[in-house]
Amino acid sequence: MTNKRDSFKFRAVAVLLIAIMLISLAGCGGQKSSEEKTSISVYLWGAGVLDQYARYIQSQLPDLELEFVVGNNDLDYYKFMAEKDALPDIITNRRFSLHDAAELQGQLMDLSKTDAAASYYTTYLENYRNADGTINWLPVCGEVDTVLINKALFDKYDIPIPTDYDSFASACREFEKHGIKGFVSDYDYDYTCMELLLLL
């Protein structure tokens, strides 16, 4: 299960960052010589992202000069940088809420009419839309930090403990046959997907 999930997370993060970088470049003015590279600063939420994600993205965009910096997984850090007029071109951040990022709205690019935003289901994207209709943040992927399982409940209905997505979906279907529904959220806070409480 870990390899499949990590592979999906890797592709999702890479694709999203590439899309946002290309969108950012579309707004850059002026002609550059074939030898001159466009420089883009990408602040990462932690050092763990450097090894696989940063190397992969750089290999996919050899014509760009990407500066990867281990930033901070705290939006207060970026609010401070905004006060100093020192925000990076691209910010990655985990476990934040749109409500938490409201103070940064004036310094962030509106992604609402971009191809990157169009690649998401509208119903999910609405949770990232500001009151004025703009979208400044895009979700990277659903990543579960914690799964708690009531093993006695699995044993009671003779349902195997899931080990990957397919067996998880199968277990949910089996529980529904017994009148036990899966977890549902309105995703009002966009970090809701990070915490999943399963069948307690």
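**Aromatics, then the sheet**

Me: Is Tyr43 buried or exposed?
Reply: This is a predicted model. Tyr43 has 16% relative accessibility, so it counts as buried; the cut-off is under 20%.

Me: And Tyr78, what's its relative accessible area?
Reply: The value for Tyr78 is 0%, so Tyr78 is buried.

Me: How many aromatic pairs are there?
Reply: Four. In one of them, the ring centres of Tyr43 and Tyr78 are 6.3 Å apart and the planes sit at 70 degrees, so that pair is edge-to-face. Tyr43 is in strand S1 and Tyr78 in helix H3 (residues 75-83), so the pair links parts 35 residues apart in sequence.

Me: Which residues form the cluster?
Reply: Tyr43, Tyr77 and Tyr78 make up one aromatic cluster.

Me: What about Phe154 and Phe175?
Reply: They pair edge-to-face, 4.9 Å centre to centre, with 90 degrees between the planes. Phe154 belongs to helix H6 (residues 151-156) and Phe175 to helix H7 (residues 165-177), so this pair ties together parts 21 residues apart in sequence. Both Phe154 and Phe175 are buried.

Me: Switching to the sheet. What's the strand order?
Reply: S2-S1-S3, an open sheet with parallel pairing. Strands S2 (64-70) and S3 (90-91) are the edges. Helix H2 (residues 48-60) packs on the sheet and touches S1 and S2.

Me: Where is the kink in H2?
Reply: The kink centres on Ala54 and is about 35 degrees.

Me: Which H2 residues are buried?
Reply: Val49, Tyr53, Ala54 and Ile57.

Terms used: Residues are numbered from 1 along each chain as its sequence is written. This is a predicted model: local features need pLDDT of at least 70, side-chain atom pairs count only at pLDDT 80 or more; totals for chains, interfaces and linings use all residues. Side-chain values use heavy atoms; hydrogens and water are left out. Two strands pair if DSSP finds at least two bridges between them. Helices (H or I, at least four residues) and strands (E, at least two) are DSSP runs, numbered from the N terminus. Contact means heavy atoms within 4.5 Å. Axes are lines fitted to C-alpha atoms, for helices over the stretch in contact, and angles run from 0 to 180 degrees between N-to-C directions. The bend at a residue is the angle between axes fitted to the seven residues ending there and the seven starting there. Buried means under 20% relative accessible area, exposed over 50%, partly exposed in between (1.4 Å probe, protein chains only). Rings of Phe, Tyr and Trp (its six-membered ring) pair if their centres lie within 6.5 Å; planes under 30 degrees apart count as stacked, over 60 as edge-to-face and the rest as tilted.
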